[in-house]
Amino acid sequence: MLFALFSLLILVGCKKESHTPPPIIPPPLKITGTLTIANVLQSNMVVQRGKPFQVWGRAPATTKITVNVSWNSSDFAAVADGSGNWSVTIPASGANGDPQTITAKGDNVNTVTLKNILIGDVWICSGQSNMVYQVDSIPPFGGVVDYPDEIAAANFPLIRALTVQVDQESSPVDSLTFPAAWAVCSPQTVGQMSAVAYYFARKLYISLNVPIGIIVSAVNGTSCEAWINTAGFQANPYLSKYSSINSATMYYNGMINPLTNLPIKGFTWYQGENNKNNTPVSDYTKLNSALIVAWRQAFNQGSLPFYFVQMTPFDQYYYSTNPVGGYPASDDYAKFREAQANVLSVPNTGMAVTMDVGEPVNQHPHDKKPVGERLALLALNNTYGQPVQCYGPQYDSYTTSGNSVTISFKQGTAQGLNTINNLPIKQYFFVAGTDHNFIQASAAISGSQIILTAPANTPLPIQAVRYAFTVDPVTNLQNSAALPMEPFRTDNWSN
C-alpha cells in the first residue's frame, strides 16, 4: 500500500508541466508610401445623388487600392498607374441625410477616411464680387440685410459649403492649389459663406428636404473671359481678342478645372460688372454663352442647368457729376442687361431679375436674399419640376390707339400684377413716335396689362416702347409672386 502511494507521487511529480504558447503578434504594417484622396473630396462634403461618384487620388505606382463607402457594401478596387494616379467609380445613390464615410486603403500605405458625408445635390456658384459677398459684414462688403439675425438663424446642418480659394493658373490644374475645408452650415460658419449661394441653398433645402452642397468659386473684379477655358476660345474664333487679356482662362484653370471630376446638379453665375464696357456690348452674350458650353463639355454631364443673375440698377458715375446723381437717362447698363438676357438663347438657362433690389450708388447691394431665392425658384421650376412661379412679368406685345398703348405679357407671368407695398407705379415707361425720341409716358395697371398714355405732343403713331431701359431704375412693378417685371425695349435703335 505504501509502495503504491509512493509510486503515484513519483508519477505526478514527473509529469511534464503544460504551457500555452504565447500569441503570435504580427509585425506592424510597414508604411512605405503615401495614399491621398483628391483634396476637393473631404469630410463634411455632399456627394451628388443620382449620378456615379468618382473617388480618385494618388499612391505609389502599382499600389492596389480598395475604397469602401458606408452606403454601398461592395469593395471598389483600383491600381495606381505608372504616374501614381488611381480612381474608382461608386454607383449612383439616392439622397441620404445620415452621416456617411468613405475609406481608402492599400498595401503598405496609410488609410484615409472621410467622415460626415451626405448625399444630395451639389451646385457650383461662380462669378465675381456679388457672388463672393458674404453673409456677415466682412470688408469690403457690408453684410446682408439684418445680417446678425440671419446669422443667428442659420442652423442648417444639411447644407454644406466649400469656398474655393483664389488661384490663377497659366494651365489647367487637377487639384486645388490652396485646399479649403467643406463647412457645415451653422451660425458659427455661415458668416463666411457667399450670401447669394447660401440663400440659394437654403431655399432648395427647405423646398426639397435633401442635403445641398454649394461650391463657391468666385473672385472679386474678374471678367467673364477669366473663367472660360482654352477650348471655349478655340471653339469661338471671334472671341480670340479676349483670349489674352484680363487673366483669360486663368481662374478657370485654377478654380474650376479641379472640380470637373465631381458629379454636380448645375451652376449659378453672378458676374458682369467687369464686362459692362465690352465693345460692342453684344460680345458679352458671346462670352457668357461660350463659357456655358465650355463648362458643360468639361464636366461631361450633359446640358447642366445654368442660372445667372441680371445686373442690378447702378450708376458708376453717381458721385462724379456736379451736382451728384450721375446720368440716370443713360442706357449703357441697360444694353448690357439686354446682352445678358440674350444669353437665354442657350438651352437650359435661366435669368434672375433684380431691378427691384438694386442700390444706384452701390455696385454691391445688401439685399442678397431675393437674388439667391430667385435663382432657387428657377432651379425648382426648371430643374426639379416643381409648380412654382419663377418668372416676373415678361413683355409679349403692345397695341396702340392714338396716344394710348396697351402692353401685354407672356402667358402666366403677369398674374396679380401689382406694385411693391401697393405704392404708386414708378414711371419708368418711355415711348417714341415718328421722330424716334423717347419721352416718358404715364403708366397704369389694368388687370394683367399695363396701359400707357403718351404725352399729347408725341408724333404719332407710336413706334417703340421701353421699360426700365436706363442705367439705374429701381422698379416696383411685380406679379403676385413678388417677382419683378423684366426690363425691355421693342426697338433695336442705337439711341
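## Getting your bearings

Helices (H or I, at least four residues) and strands (E, at least two) are DSSP runs, numbered from the N terminus. One thing to keep in mind as you look around: this is a predicted model.

## A buried aspartate

Let's start with aspartate 472, which sits in the loop between β22 (464-467) and β23 (477-478). Aspartate 472 is buried, and yet it has no salt bridge. Which side chain of opposite charge is nearest to aspartate 472? That would be arginine 337, and it is 7.1 Å away. A salt bridge needs a side-chain nitrogen of Lys or Arg within 4 Å of a carboxyl oxygen of Asp or Glu.

So who does touch this residue? Setting aside neighbours within four places in sequence, aspartate 472 is in contact with Pro313, Phe314, Asp315, Pro328 and Pro360.

## Strand β21 and its partners

Strands of a sheet pair through backbone hydrogen bonds, either parallel or antiparallel. Here, β21 (residues 449-453) gives you two pairings to look at. Strand β16 (residues 404-409) runs antiparallel to β21, and 4 bridges join them. Serine 404 has threonine 453 as its bridge partner in β21. Strand β20 (residues 442-446) also pairs with β21 in the antiparallel sense, this time over 5 bridges, and alanine 444 stands opposite isoleucine 451. β20 and β21 form a hairpin with 2 residues between the strands, where glycine 447 takes a positive phi near 65 degrees.

## An open sheet and another hairpin

Follow the chain order β19-β18-β22-β24 and you'll trace an open sheet of 4 strands with antiparallel pairing. Its edge strands are β19 (438-440) and β24 (488-489), each of which pairs on one side only. Inside the sheet, β18 (residues 429-432) pairs with β22 over 4 bridges, in the antiparallel sense. Alanine 432 stands opposite another alanine there, alanine 464 in β22.

Elsewhere, strands β4 (residues 64-69) and β5 (residues 72-79) run antiparallel and are joined by 5 bridges. A hairpin of 2 residues leads from β4 to β5, and valine 69 stands opposite asparagine 72 in β5.

## A helix tucked inside

Helix α9 (residues 369-382) has 14 residues and reaches 20 Å from its first C-alpha to its last, close to the 20 Å expected at 1.5 Å a residue. Is α9 largely enclosed or exposed? Because 10 of its 14 residues are buried, α9 is largely enclosed by the rest of the structure.

The buried residues of α9 are Pro370, Val371, Gly372, Arg374, Leu375, Ala376, Leu377, Leu378, Ala379 and Leu380. The elements covering them include the helix α4 (195-208), along with strands β8 (112-127), β12 (266-270), β13 (306-309) and β14 (349-352).

A disulfide is a covalent bond between the sulfur atoms of two cysteines. How many disulfides does this model have? The count comes to 0. Take cysteine 185: it is in no disulfide, and the nearest cysteine sulfur, that of cysteine 125, is 13 Å away. Cysteine 185 is buried, with a relative accessible area of 1%.

Cysteine 224 is in no disulfide either; for cysteine 224 the nearest cysteine sulfur is that of cysteine 125, 16 Å away. Cysteine 224 counts as buried, at 0% relative accessibility.

Watch for two cis peptide bonds. The bond from proline 139 to proline 140 is cis, with omega near 10 degrees, and proline 140 is found in the loop between α2 (129-132) and α3 (147-152). A cis peptide bond also joins threonine 279 and proline 280, with omega about -10 degrees. You'll find proline 280 in the loop between β12 and α7 (283-299).

Two asparagines are worth a look as well. Asparagine 44 isn't a glycine, yet it has a positive phi of about 80 degrees. Asparagine 44 lies in the loop between β1 (36-37) and β2 (46-48) and is partly exposed, with a relative accessible area of 21%.

How values were computed. Residues numbered from 1 in each chain as written. Predicted model: local features only at pLDDT ≥ 70, side-chain atom pairs only at ≥ 80, totals over all residues. Heavy atoms only, no water. Buried < 20%, exposed > 50% of the residue type's maximum accessible area, 1.4 Å probe, protein only. Lys, Arg positive; Asp, Glu negative; His and termini not counted. Contact = heavy atoms within 4.5 Å. Pairing = 2+ DSSP bridges. Expected span 1.5 Å × (residues − 1). Disulfide = S-S within 2.5 Å.
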